[in-house]
Amino acid sequence: MPAKSSQLQIRVTPEQKTALKDAAERAGISLSAYVLRQSLPTLPNDLSPIGERIADYRQRPRALAELMRQLVTVPTAQFAEMADSIDPTGHTAVVQNCLAASVEHVSRARGLDQPTWARGVRPLERPHFAWELRSLRPYLMRAALPSFKRRGLYIPAPPGVSRHGVAP
C-alpha cells in the first residue's frame, strides 16, 4: 500500500464526531481507519461467508447483491487483482457458477477480461432456476443476466444491477 501523504478534513457536528468515534472504538480501529473503511470498502480476500449465503437459496438474492456491490466499489486498478483472488473451490457447482457469473458481469461492465478461474468454472449441465414453480420460468429466463444465462443460472438480477452494468 502506498504511503499516506495527503490529508482530508471534513466538518461534522459534535454528535456525528462522537458517533464516529464510538463506532471506531467498537470496531477496534482508529477513527481515520474507520472512516476510510466505511467510505472506501474493499473486497475481502475470503468470500466464503458470501459463498455460504449464496448457497442458501433464501439468502441468495441479497448475497449476490452484496457480492456485486463489493466488486463494483473496488477501484478498477485493483479489481482484477481482487477478482483473481476469489477461490470458488469447496462450493457447489451452483455457487461456483454464481461467483463466476457475478465476476464476469462486473468485468464486462468495466471492459476487462474475466479472471482465469472464472473461465475454468464449467457451466451447469442442467439449468438451475431460482424458484421451483414452472409458471415462473419464463420470467426467470427474461430476468436473468446474460452472464448467468450462459452458465445455466436463471436467477433474477440483484437490485441495482442492470444488463449492461452495475450501479455502485
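Ile10 is exposed, at a relative accessible area of 57%. Exposed means over 50% relative accessible area, buried under 20%, and partly exposed in between, with a 1.4 Å probe and protein chains only. Ile10 sits in the segment before helix H1 (14-27). The model is predicted: local features need pLDDT of at least 70, side-chain atom pairs count only at pLDDT 80 or more, and totals for chains, interfaces and linings use all residues. Numbering runs from 1 along each chain as its sequence is written, and side-chain values use heavy atoms, without hydrogens and water.

Leu8, Ile10 and Val12 make a nonpolar surface patch of about 330 Å². Patch residues have over 30% relative accessible area and no salt bridge; like charges are joined within 9 Å, nonpolar side chains (Val, Leu, Ile, Met, Phe, Trp, Tyr) within 5 Å. A salt bridge puts a side-chain nitrogen of Lys or Arg within 4 Å of a carboxyl oxygen of Asp or Glu.

Next comes H1. This helix has 14 residues and spans 20 Å from first C-alpha to last, close to the 20 Å expected at 1.5 Å a residue. Just after H1, Gly28 takes a positive phi of about 75 degrees.

Now the whole chain. The protein has nine helices and four strands, DSSP runs of H or I (at least four residues) and E (at least two). Their order along the sequence is α-α-α-α-α-α-α-β-α-α-β-β-β. Of the 168 residues, 37% are buried. Among contacts (heavy atoms within 4.5 Å) between residues at least 6 apart in sequence, 62% join residues at least 24 apart. The accessible surface (Shrake-Rupley, 1.4 Å probe) comes to about 11000 Å², with 53% belonging to carbon and sulfur atoms.

Methods. Expected span 1.5 Å × (residues − 1).
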